[in-house]
Amino acid sequence: MSEPTSMDSLLDDGRRFPPPPAFVATAVAPADIYERAQSDRLAFWADQSRELLHWHTPFTETLDFSGAPVARWFGDGELNVAYNCLDRHVEEGRGDRVALHFEGEPGDQRSITYAELTTEVKKAANVLSQLGVKAGDRVIIYLPLIPEAVVAMLAVARLGAIHSVVFGGFSAESLRARIDDAQATMVITADGGHRKGSVFPLKTAVDQAIADGATTVKNVLVVRRGGNDVEWTEGRDIWWHEQMDSASHEHTAEAFESENPLFILYTSGTTGKPKGILHTSGGYLTQAAFTHKNVFDLHAESDVYWCTADVGWITGHSYVVYGPLANGATQVIYEGTPDTPHPGRWWEIIEKYGVTIFYTAPTAIRTFMKLGREIPQKFDLSSLRLLGSVGEPINPEAWMWYREVIGGGVAPIVDTWWQTETGAIMISALPGITATKPGSAQVPIPGISIDVVDDSGAHVGRGAGGLLVVTEPWPSMLRGIWGDPERFKETYWSTFENVYFAGDGAQLDADNDVWLLGRVDDVMNVSGHRLSTMEIESALVAHPMTAEAAVVGANDDTTGQAVVAFVILKSRYVGSESDQELEKQLRTWVGEQIGPIAKPRTVFIVQELPKTRSGKIMRRLLRDIAEGREVGDTTTLTDTSVIRTINTSVND
């Protein structure tokens with residue numbers, strides 16, 4: 001593996017932002033937390049679990065990794081995940097605290113206390129139980145981001161059953177694949193949901209997915225949300241509200257073993273059968289609660305927290321449902337998109353509820369940059385005291401915009417790295433301890449062992465790049481791929497023995513902090529030089545004309561691969577000069593910032609980039625365009641028409 005081009009001068013430009021003294025004075029994470037974790041890692045996690053969770057049967061064994069790569073955490077303990085997120089808060093006198101401030105896209109709203117949410121989940125658990133759902137059964141949840149989605153997840157968990165949430169934007173075909181793989185006995189859906197000013201159908205997709213009757217699904221439980229007409233199959237389809245109206249609000253949470261499966265979450269892979277990532281209960285909830293409390297510096301009695309993720313993604317599982325509710329947080333959930341009914345909708349919600357902690361994706365941040373600071377500056381964002389980033393590496397310029405425009409130049413930013421497979425945050429600053437760096441994920445959280453290695457597994461050292469690995473088991477780690485243990489081993493554990501390979505490239509800087517370079521398959525080899533897409537994208541975004549950029553490597557007869565860039569201009573530069581002149585300026589800029597080897601062969605000026613429904617740029621599709629191939633599967637895109645628009649721009 002040849003050495004990657006150094007990015008010190010581009011990404012780590014020396015800017016450092018120590019936590020404000022007032023923040024340090026009240027920080028949740030104690031100053032000695034890293035030393036405590038390092039002195040006895042397993043004892044540290046055991047202490048966190050006992051402190052953060054209620055165990056019906058206390059555990060005596062912290063970790064058993066004798067069945068590697070499958071781990072058992074707190075294996076002889078018993079708990080109920082829903083009880084930890086609900087009942088105990090009510091029993092301890094926090095029932096009147098708001099759990100969820102719900103904002104619907106049309107403008108409807110509900111504030112739900114912990115006592116009210118507990119009652120709803122108990123009733124829903126009774127409904128599911130009466131319909132035959134029992135421990136170990138799989139339930140598909142296919143809902144908009146509404147309170148019923150949270151209630152459904154917790155009700156399934158309360159029964160010891162396994163939920164698999166499918167994002168509401170996925171097609172009937174994708175839904176069927178997940179139903180079949182999980183052998184689900186029930187689907188919980190809605191008549192429709194609100195998105196961009198209209199109602200999108202959900203039950204229609206469910207009907208299509210199970211139309212042939214050759215599935216394991218016995219019942220479809222339907223939430224009334226969109227008010228649209230739906231087809232109805234008697235004996236199979238049941239209205240949620242009718243069942244809830246007659247359900248008992250008494251339900252005792254049964255304790256289940258720590259390794260009881262909690263959920264399956266399918267990764268939207270580009271090819272082949274989707275991977276059902278399996279997470280269990282005690283270890284997962286421990287790390288979700290720990291990271292939520294310490295990374296976001298949560299003061300549950302006073303903070304208003306908002307993570308913008310949908311519950312269809314792992315971020316929504318860990319940092320909308322399980323982490324925040326286990327910690328007794330008050331949070332906002334919003335059904336709609338950030339630009340409906342106007343582009344300031346998110347900032348309006350922050351002002352309305354006095355949001356103090358805000359967690360979103362770099363894609364959203366770059367979109368807001370493109371629209372201009374004038375929009376957020378119309379709203380009072382002074383309540384914000386902490387900002388978070390998740391989903392992909394954040395460019396330094398986007399990081400700085402986020403800090404200055406949204407955070408008022410003072411709010412610390414936690415740039416978090418983790419995956420569906422890791423279950424919870426693995427690398428992040430701790431905001432009361434770490435001096436943050438624009439664009440760097442920075443340091444493993446306490447109790448997590450991360451390394452950057454070369455192809456042989458050897459540590460690369462400071463200032464060098466390589467492969468990001470996790471070298472020790474962690475509590476919220478995946479326990480397998482549902483029904484496919486060999487694929488689990490081959491995918492994650494075959495590169496290095498008993499070491500988890502994340503599939504991401506990373507670089508260590510002079511301080512030994514981690515800089516994520518994106519997926520390894522997004523690292524280009526140009527004339528023997530390894531170049532990161534994130535590095536070149538950061539250079540492009542640093543140019544004053546650029547709002548957003550995506551870079552891919554395209555086959556090249558001379559260099560092996562060539563750099564091809566797709567760039568969205570800030571609105572004030574659109575049409576300012578010919579595309580050819582703008583492309584020339586951007587190519588020259590990259591050459592000056594990184595070196596001639598990184599200069600793009602081609603820069604395409606485009607209006608949009610292809611993004612998945614979770615906000616990630618689909619570079620695979622851009623690579624197809626760059627190499628002149630027919631574009632592959634676009635079913636996971638938010639807007640499939642983007643590809644036609646890009647093709648038009650490229651071929652003009």
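Two strands are said to pair if DSSP finds at least two bridges between them, where strands (E, at least two residues) and helices (H or I, at least four residues) are DSSP runs numbered from the N terminus. The model is predicted, so local features need pLDDT of at least 70 and side-chain atom pairs count only at pLDDT 80 or more, while totals for chains, interfaces and linings use all residues. Residues are numbered from 1 along each chain as its sequence is written, and side-chain values use heavy atoms, with hydrogens and water left out.

Three strands form an open sheet with mixed pairing, in the order β28-β29-β30. Because β28 (546–556) and β30 (602–605) stand at the edges with a single partner strand each, one side of each is left without a neighbour in the sheet. Neighbouring strands are turned by 25° against each other on average, direction ignored. β29 (residues 560–569) pairs with β30 in the parallel sense over four bridges, and V603 in β30 is the bridge partner of A565.

| Helix | Strands touched | Angle with β28 |
|---|---|---|
| α17 (residues 533–542) | β28 and β29 | about 140° |
| α19 (residues 619–626) | β28 and β29 | about 60° |

The second largest pocket is lined by 19 residues, among which Y34, Q38, V443, P444 and I448 lie nearest its centre. α2 (33–39) and β21 (450–453) each supply at least two residues of this lining.

Notes
On a 1 Å grid over the protein atoms alone, a cavity is a set of points where a 1.4 Å probe fits but cannot get out, and a pocket is an open set with protein on both sides within 12 Å along at least five of seven lines; lining residues have an atom within 4 Å of a point. Axes are lines fitted to C-alpha atoms, for helices over the stretch in contact, and angles run from 0 to 180 degrees between N-to-C directions. Contact means heavy atoms within 4.5 Å.
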